[in-house]
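Please inspect the sequence and the coordinates before reading on.

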Amino acid sequence: MTLDTVKNAEQTPEAEQPWSELGLKADEYAKIREILGRRPTGAELAMYSVMWSEHCSYKSSKVHLKQFGEKKPDSDAMLVGIGENAGVVDVGQGYAVTFKVESHNHPSYIEPYQGAATGIGGIVRDILAMGARPVAVMDPLRFGAADHPDTRRVLPGIVAGIGGYGNCLGLPNIGGEVVFDSCYQGNPLVNALCVGVMKHEDIHLAQASGTGNKVILYGARTGGDGIGGVSVLASETFDATGPAKRPAVQVGDPFQEKLLIESTLEIFAEKLVLGIQDLGGAGLSCATSELASAGSGGMRIELDTVPLRDNTLSPEEILMSESQERMCAIVEPGKVARFLEICEKWDVIATVIGEVTEGERLEIFWHGELVVDVPPRSVAHDGPTYNRPYARPSWQDALQADAPTAERLLRPSTGEELKAALLAVAGSPNQASKSWITDQYDRYVIGNTVLATPEDSGMIRIDEETNLGVSVATDGNGRFTKLDPYTGAQLALAEAYRNVAAGGAKPLAVSDCLNFGSPEDPDVMWQFAEATRGLADACLVLGTPVTGGNVSLYNQTGDTAIHPTPVVAVLGVIDDVTRRTPIGFAEEGQLVYLLGDTADELGGSAWSQVAHNHLGGLPPKVDLERERLLGDILIAASRDGMIDAAHDLSDGGLAQALVESCLKGGNGARLIVPTGLDPFVFLFSESAGRAIVSIPRSEELRFNDMCGARGLPATRIGVVDGDSLEIQGQFTVSLAELTDAHTGVIEALLA
Amino acid sequence: MTTRVGVVTFPGSLDDRDAQRAVRLAGAEPVALWHRDKDLHQVDAVVLPGGFSYGDYLRCGAISRFSPVMDTIIEQAKLGMPVLGICNGFQVLCESHLLPGALTRNDSLHFVCRDQKLRIENAETAWTRDYSAGQEIVVPLKNGEGRFVADGHVLDQLEAEGRIVARYLDVNPNGSYRDIAGITNAAGNVVGLMPHPEHAVEPLTGPSTEGLGFFTSVLKQLVNA
Amino acid sequence: MARVVVDVMLKPEILDPQGQAVQRALPRLGFAGIADVRQGKRFELELEGPVDDAALARIREAAETFLANTVIEDFTVRVEEEGK
């Protein structure tokens, strides 16, 4: 096996290179040769190929993503924006919060447990790398049909992986979503979100500056994890005896990650690092090139000093390895000893692997021989940009024309039929209780969890003296987005915004995980373009900037893409967590109000799916000014003690919200259908911009005055009472019946 | 003089800060103890907190049990110092043979996190004096390996000597023999408990504040001693 | 009754966090000189009938599809001698 050094590359310009097998296009390979003025070495080729991949370079999506910057609302809260490991938001009292949602879809289909586990591990390190203590996780999940045999393989594995990793790490899991739809059968979506908290002065960035400063790699040893593609290099270019056996699956070690968190926080507290980056996709290639590119540019790495788990790894493979639980820090020489001491305290292996150099080249040596000599920016930031063609799909009009009108889809009309429909929706896999899943996650650890699933948002106390807190909700509706990607993405944001406000917190910022099919399909690319445009426009109106996130493309089986699924996370702040508003109707005698307007909007609704397996028409309309007004009212009512419960209306409409609020609070409710409203539409429409609240009688006048003055429609629809849910003149259903329908569904299908 | 209650941090301990908070809310001074340090820093009692020390690899508690701090704790426990092991701490106490039996994988084979009703069976241990025998409380439970097992004559002996401190009510969440949630040694100073009383000390973040009694009990015990 | 033993181990190239934790603890407890530890699972299958090629083939299939996760694990099947 000969080493492909820079010198060798200069001397053998015509050597064949497997650029195509590594996923590069001919013009991309030519561009690399142009940048370097010679052919790349094997190690350089490996770095460029992985850093210029869709996953790392966002080459298909970035022309659309730039709207999030161009249309960014003015926000005093933004401390660090898009481009770093995660955005950072000012939440007051000197605190800053960082959060991000990311996908780990494909690995979780191959090996559900480890795929999901390492998804949690990766997002937690992103948050840690910003200087923050991770304080909570959430996971929005999408699976194939609940009764499909493969869902029984995929779902329990993914749930066990999230629990196995997150529980062992000591992070409360406070929310997320579980959605079943056959479109995700071969492409489950495993998105993971982490929230971290720090003081303003603790914010760290991924950059390497200061000639002579040391580059320290710490955490797990490097093995051959996740480098399947790069093995091509080892086999075809250098080793005629065939590829080494390299695992495509990465195994997570949450214990190692816990030690990494504690050691890193101690290192931050002693102000020992100048720049820091976690190792995720593309491993050391990504970390070294990004640190150098964002800093002064020069860096020298002695690759043979990297601690290995497998001594047969080639330099290319070490650069590409995606072994988990590793971080890379830039440290002044005088602080190295203390850095290593803290790592030793926590049993974490730490090694100086290089230093920041003058100049603007990233140079990587293997036993004294130069194998990489590149301008780091060309690797990390100057990847290709594609303007992929896109066009409104030919089938979009027909889909939208297929509206679920009363003429086309039979609607329940009698009381008995309405009751049956309510029970069917409440007991459908998408609306049923997810406790079988969420009870496998620790929601208590750290002792600051104020709200967790099945509440509208997850809420965490961040200061025990002042009761300052933050909350996060994630939402996304692939069915709505399929019907109209622009509106669907806005509805995802509107729902997450509403969920945060319903808990009493003021929405501040957004992170998004955009899950779509192949960008090479113009239909999909149109969905992506429309969804990003819709989301950026809506963020501008709601004043919630996108702080970061992730794009996952190629989620499809054959030619069939998943529903376009933008998952939107909204972060909010609440000055006093003791004023939070839960969803449960806990107090008998309180008044139930419906806030907002209800129209006949059933396109893409839970009812149309459950009753008719139908998807067509248009999604509900979005009125962002109304969403903002509703949010303001919910926050003010929470702060001033006017409401004791609030629940946003979304999937399954009012009917589902009532079921959840009654069961959570352990009380029934008696309701009347407002005059002029069809009982079915009243119960099952999914009009946006709505919530229900329960109001102590003493506060009714004040609450009505506030809504009247601000112009928010507020309709008294009933009272919290008894042990059944009664829709007067229509039907009565006991809490026991509701419990039977709503619980035990998931375990019956999957356990 | 304030009572000092040590809380040990092993690599992978998770609920150590929560235990410290509970100690503080009970009115004592929490003292962080480090697994590598044999010195107990003049504490009057020790809590071994929950978590996944050493990742729960090999067996839960099996590696922590051999840490330097445990040598001192085992020695002091035998001399009567109050020691409470919660969840992973209970597992460490069993691996250390300060308590009999073992904790094994839940019968459901899943990690379970729930608000659990318990009955306090023995209100005379160092950690349960503030309860009354038969009192029912609700505290969080969260474990993957919380199923208490021991052979028949050990179980009979525990019953006969009143050494079952708490039992699960309504639901046995992990298949524990005889619904056992916690036990004590013969002297009553060492208690192991699978549920988490330190997560039921504030109305804001817990299902109740009924877990606080474990921490106030030891305070009274020490003040009266 | 015949006994067939199936040993399941993580593939050599796959990270074994459990084995690593044990290996790191051993020297602290005074057990020196152990270079690596890997932890696996052992299944003992008691057969109702004879251990013939057909039975072993079925057991291999069970190991392949069920007892081991062949994405990350290897397995071996062997017959335990009588009288042990």
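**Helix packing, overall fold and chain contact**

H23(A) and H26(A) cross in a right-handed sense, a crossing being right-handed if the near helix is turned clockwise from the far one by less than a right angle, and left-handed if anticlockwise. The model is predicted: local features need pLDDT of at least 70 and side-chain atom pairs count only at pLDDT 80 or more, while totals for chains, interfaces and linings use all residues. Residues are numbered from 1 along each chain as its sequence is written, and chains are lettered from A and ligands numbered from 1 in the order in which they are written.

Helix H23 (residues 624-639) of chain A packs against helix H26 (residues 700-710) of chain A at about 155°, with the axes 11 Å apart. Axes are lines fitted to C-alpha atoms over the stretch in contact, and angles run from 0 to 180 degrees between N-to-C directions. H23(A) and H26(A) are therefore roughly antiparallel (over 145 degrees; angles under 35 count as roughly parallel, 65 to 115 as roughly perpendicular and the rest as oblique). Leu629(A), Ile633(A), Ala636(A) and Ala637(A) of H23(A) meet Phe703(A), Met706(A), Cys707(A) and Arg710(A) of H26(A), contact meaning C-beta atoms, placed from the backbone, within 7 Å. Seven of these residues are nonpolar, none is polar and one is charged (Ala, Val, Leu, Ile, Met, Phe, Trp, Tyr, Cys and Pro count as nonpolar, Asp, Glu, Lys and Arg as charged, and the others, Gly among them, as polar).

A second pair consists of helix H8 (residues 112-129) and helix H11 (residues 254-269) of chain A, whose axes come within 11 Å and cross at roughly 5°. H8(A) and H11(A) are therefore roughly parallel. Gly121(A), Val124(A) and Leu128(A) represent H8(A) in this contact, and Pro254(A), Glu257(A), Ile261(A) and Thr264(A) represent H11(A). Four of the residues are nonpolar, two polar and one charged.

Chain A as a whole has 28 helices and 28 strands, which are DSSP runs (H or I, at least four residues, for helices; E, at least two, for strands) numbered from the N terminus. Its C-alpha atoms fill a box of roughly 90 × 55 × 45 Å along the principal axes.

Chain A also touches chain B, with 24 residues from chain A and 23 residues from chain B taking part. On chain B, helix H1 (16-25), strand S6 (112-120) and strand S7 (136-143) each supply at least two residues of the side touching chain A. That side of chain B has ten nonpolar, seven polar and six charged residues.

Note on methods: Contact = placed C-beta atoms within 7 Å.
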